[in-house]
Amino acid sequence: MLGPQGVVPAGDAGAPTELTLVRHGRTGWHSDNRYAGASDVPLDEVGLTQADRLADWAARHPYDVLACSPLRRARQTAAPVAAALGVRAEVVPALREMDFGVAEGATLAELRQRDPAAAEAFLADPLRYPFPGAEPPETVAERVLGGLRELVARHPGVSVLVVGHNTALRLALCGWLGIPLRHYRDVLPRLDNTAITRLRVPADLARPPALLCLNVPLDSLPADSLPADSAPADAPPGVTSLPATPEETRSPIELNRRTR
C-alpha cells in the first residue's frame, strides 16, 4: 500500500518479491472464445463485475504495487483495484497480449474453416507454426518475462499484483519455469478471467521463482487467503498452502478444459 506521501514502501532488496498474476476480466470477444490479442476490446458487463470482485478481494490483501498491460481490458480491470488499494496502476507496455495476426477476432472453429492447414499446424506446434501475421511466441515470452523481471527489480521485497493476459502470461510462465514454449497450450491450457496465479521471486533473478498457486478462481479463495507468510508445518520452504475446495482432488488447470 502507498505510504503517507503516496510513496511505495521500500522493500528489502535481499528478500523475495511476492508476484500475483491475474488475467483481466471478460470481454465480449472472450465470451465467444475469440482471439482478442492486440485488439483493444473493452470489458463486457461480466468483465466489469469480475473487476469489482477482484478489487474487493485485493482490498483485503496488502499489495504494495499494482501493474497492468496498456490494453483497455487490462486497464479497466486494474482501475477498481487501484481505487481499492489506494495505489496508482503502473502501465507496463511489455505486458500487452500477443498479436495473433489473422486470428484476431476469430474463433478456432472459424479459423479451421478459413484455413484448415494453418489451424492444424498451429495446434500441433504453436511455436513453429503461429498464425500468419502473428507475433512470434518466443518474442512474446521474452517481452513479457522481461517486463515482469523489471517490475521485480524496481520493487524488490514487496507484494506486486499484475493484471495481464491469457497467452502472454502463459508464455512468460513457461519461459520462467523452464517449460518448453511449444508446449504452452498443453501444460498451461488456460488462465481464467481474474483467477489468481502466484509466484515467489527470489532476489537473485537468475534463479527460478517458486510457483505457489496457479489459476485459482476467486470464488475458491476465502477473504484471508494467500498471506505472504502462511505455510503448513510440513511444507518445503517457500510453499503456501491453499484452502481445500470442493474440487480439491483436481488441479485448477483441470477445472477448465476449454482451451484456445
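User: How does the span of helix α2 compare with what 1.5 Å a residue predicts?
Analyst: At 1.5 Å a residue, the 14 residues of α2 (residues 45-58) should span 20 Å, and the end C-alpha atoms are 20 Å apart, which agrees. The expected span is 1.5 Å times one less than the number of residues. Helices (H or I, at least four residues) and strands (E, at least two) are DSSP runs, numbered from the N terminus. This is a predicted model, in which local features need pLDDT of at least 70 and side-chain atom pairs count only at pLDDT 80 or more, while totals for chains, interfaces and linings use all residues. Residues are numbered from 1 along each chain as its sequence is written, and side-chain values use heavy atoms, with hydrogens and water left out.

User: Which residues of α2 are buried?
Analyst: Gly 47, Gln 50, Ala 51, Leu 54, Ala 55, Trp 57 and Ala 58 are buried in α2. Seen down the axis of α2, these buried residues fall within an arc of 160°, so they line one face of the helix. The arc is that of the directions from the helix axis to the C-beta atoms. Buried means under 20% relative accessible area, exposed over 50%, and partly exposed in between, with a 1.4 Å probe and protein chains only.

User: What do they pack against?
Analyst: The buried residues of α2 pack against β1 (17-23), α3 (72-85), β4 (159-164) and β5 (196-201). Contact here means heavy atoms within 4.5 Å.

User: And what happens at the start of α2?
Analyst: A side-chain oxygen of Asp 44 comes to within 3.1 Å of the backbone nitrogen of Val 46 at the start of α2. A polar contact is a pair of N or O atoms within 3.5 Å; within protein, one must be able to donate a hydrogen and the other to accept it, and residues adjacent in sequence count only if both atoms are side-chain atoms.

User: Stepping back, how many helices and strands does the protein have?
Analyst: The protein has eight helices and six strands. Their order from the N terminus on is β-α-α-β-α-β-α-α-α-β-α-α-β-β. Of the 260 residues, 49% are buried.

User: Moving to the rings, how many aromatic pairs are there?
Analyst: The count is four aromatic pairs. In one of them, the rings of Tyr 35 and Phe 131 have centres 5.7 Å apart and planes at 70°, so the pair is edge-to-face. Rings of Phe, Tyr and Trp (its six-membered ring) pair if their centres lie within 6.5 Å; planes under 30 degrees apart count as stacked, over 60 as edge-to-face and the rest as tilted.

User: Where do Tyr 35 and Phe 131 lie in the chain?
Analyst: Tyr 35 is in the loop between α1 (28-31) and α2, and Phe 131 is in the loop between α5 (116-124) and α6 (137-154); the pair links distant parts of the chain, 96 residues apart. Phe 131 also forms a stacked pair with Phe 122, at 4.2 Å centre to centre and 25° between the planes. Phe 122 and Phe 131 are both buried. Tyr 35 counts as buried as well, at 2% relative accessibility.

User: Which residues make up the aromatic cluster?
Analyst: Tyr 35, Phe 100, Phe 122 and Phe 131 form one aromatic cluster.

User: What does the side chain of Asp 125 reach?
Analyst: The side chain of Asp 125 reaches the backbone nitrogen of Arg 128 at 3.1 Å. Asp 125 lies in the loop between α5 and α6, and is buried with a relative accessible area of 11%.

User: How many residues of α7 are buried?
Analyst: Ten of the twelve residues of α7 are buried, so the helix is mostly covered. They pack against β1, α6, β4, α8 (184-187), β5 and β6 (210-216). Just after α7, Gly 178 takes a positive phi of about 80°.
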